[in-house]
Amino acid sequence: MAETDGIKQRKALLTTNQQIEHLKSKGVAFKLCSEKDATEYLANHTYFFKIAAYRILFEKRIGGQYDGQYVNLDFGHLKALASLDRDLRYALLPLTLDVEHAARTKLVCITTERNNEDGYTIARDYMASLNHSERRRREGEISMMSRDLFCGDLVRKYGSPAGMPIWVLMELFSFGSFIDLYLYCAERWGNEEMRHEHYMLRQAKSVRNACAHSSDMLNGIAVVGTTVSTDSAVLSALAQAGISHRVRTGRMRNPRIRQIVTLMYLHTKLVPEGSGKRKAASDLVNLKKQLSETADLAPSNDIIRSCAAFLTKVIDSWFR
């Protein structure tokens, strides 16, 4: 019976024309974007599953002749949201790379300034602090890179992670493994600032992964989650930006907005003045126009409009 139920829930594989008809049956209009242009868009620029994900941001009718159909949803809205989402990823990915590099630089800087560190002992002690499973995972992560065209020479030169200096170890570590090393160093040195940064770096890593894998981001801006709280320093910075308590606590209850804003905050704090910071500011300022245009395209959608206004305020305050 369970197998039969599973088969009943399978989605039909639709042609592009059938996808258009399916959207029409769900109340999606084609005034902002014609059916012909939508068909061409689905055939050559994206795929149905990806663009249809933004439907969740629009309400559905309940009861009556049009029960279950979307309210005030046009294919043009889906197309605009997909375009905004793409440009948001393009703007945020460089921020994640800047933040990762700045954190690695900070870790090496602190290590070199401590008289009781030689760069090798800390790497050996970190590997020894891991349980058997985690240690094997880190060793496997580095071993797999021995034939890598970019980092393989380092693996072949230094061999075991426990015998590497910290600047080589973190060069070979993935962002996630580096963040774990960052926390270890924070606890080793009793550095509370680094401990807070470690939690925020985990948020930045999630954004990096979403951007790198071209995952939809904006389709989740209506979700409310409470599993991870916002760092007090981020909330304080939002308050200083003139964002009310109601707005900042409300918006930061959304996991994706929280991760995006935490990344932005980390960038303002970790990345030094220079070309990277100027490039980030330029990309985000350019993004503001599209945020405004997309919000104006759906004037009755409070979720899209409030999210766009919030992100615009953050960009104006932190990336001028």
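A residue is called buried when its relative accessible area is under 20%, exposed when that area is over 50%, and partly exposed in between, as computed with a 1.4 Å probe on protein chains only. The structure is a predicted model, in which local features need pLDDT of at least 70 and side-chain atom pairs count only at pLDDT 80 or more, while totals for chains, interfaces and linings use all residues. Residues are numbered from 1 along each chain as its sequence is written, and side-chain values use heavy atoms, with hydrogens and water left out.

E100 is buried, because its relative accessible area is 11%. This residue lies in helix α5, where helices are DSSP runs of H or I with at least four residues, numbered from the N terminus. Apart from residues up to four places away in sequence, E100 touches F175 and R208; contact here means heavy atoms within 4.5 Å.

The largest nonpolar core comprises 96 residues, and F75, L92, L107, M264 and W318 have the most contacts inside it. Such a core is a set of buried Ala, Val, Leu, Ile, Met, Phe, Trp, Tyr and Cys residues joined through side-chain atoms within 4.5 Å. Helix α5, residues 75-113, gives the most to this core, with 14 residues. When neighbours within four places in sequence are set aside, L92 is in contact with V207, C211, M217, I260, L263 and M264.

Two packed helices are described by the angle between their axes and the distance between the axes. The axes of α15 (residues 275-297) and α16 (residues 302-318) come within 9 Å and cross at roughly 160°. These axes are lines fitted to C-alpha atoms over the stretch in contact, with angles running from 0 to 180 degrees between N-to-C directions. Helices α15 and α16 are therefore roughly antiparallel to each other, a term for angles over 145 degrees. In α15, the residues L284, V285, K288, L291, T294, A295 and D296 meet I304, R305, A308, L311, T312, I315 and D316 of α16. By class, this contact has eight nonpolar, two polar and four charged residues, with Ala, Val, Leu, Ile, Met, Phe, Trp, Tyr, Cys and Pro counted as nonpolar, Asp, Glu, Lys and Arg as charged, and the others, Gly among them, as polar.

The backbone deserves a final remark. Most residues other than glycine have a negative phi. N72, in the loop between α4 (48-52) and α5, has a positive phi of about 55° although it is not a glycine. S214 has a positive phi near 55° and is found in the loop between α11 (192-212) and α12 (232-240). S214 counts as partly exposed because its relative accessibility is 32%.

Notes:
Helix = DSSP H or I, 4+ residues; strand = E, 2+ residues; numbered from the N terminus. Parallel < 35°, antiparallel > 145°, perpendicular 65-115°, else oblique.
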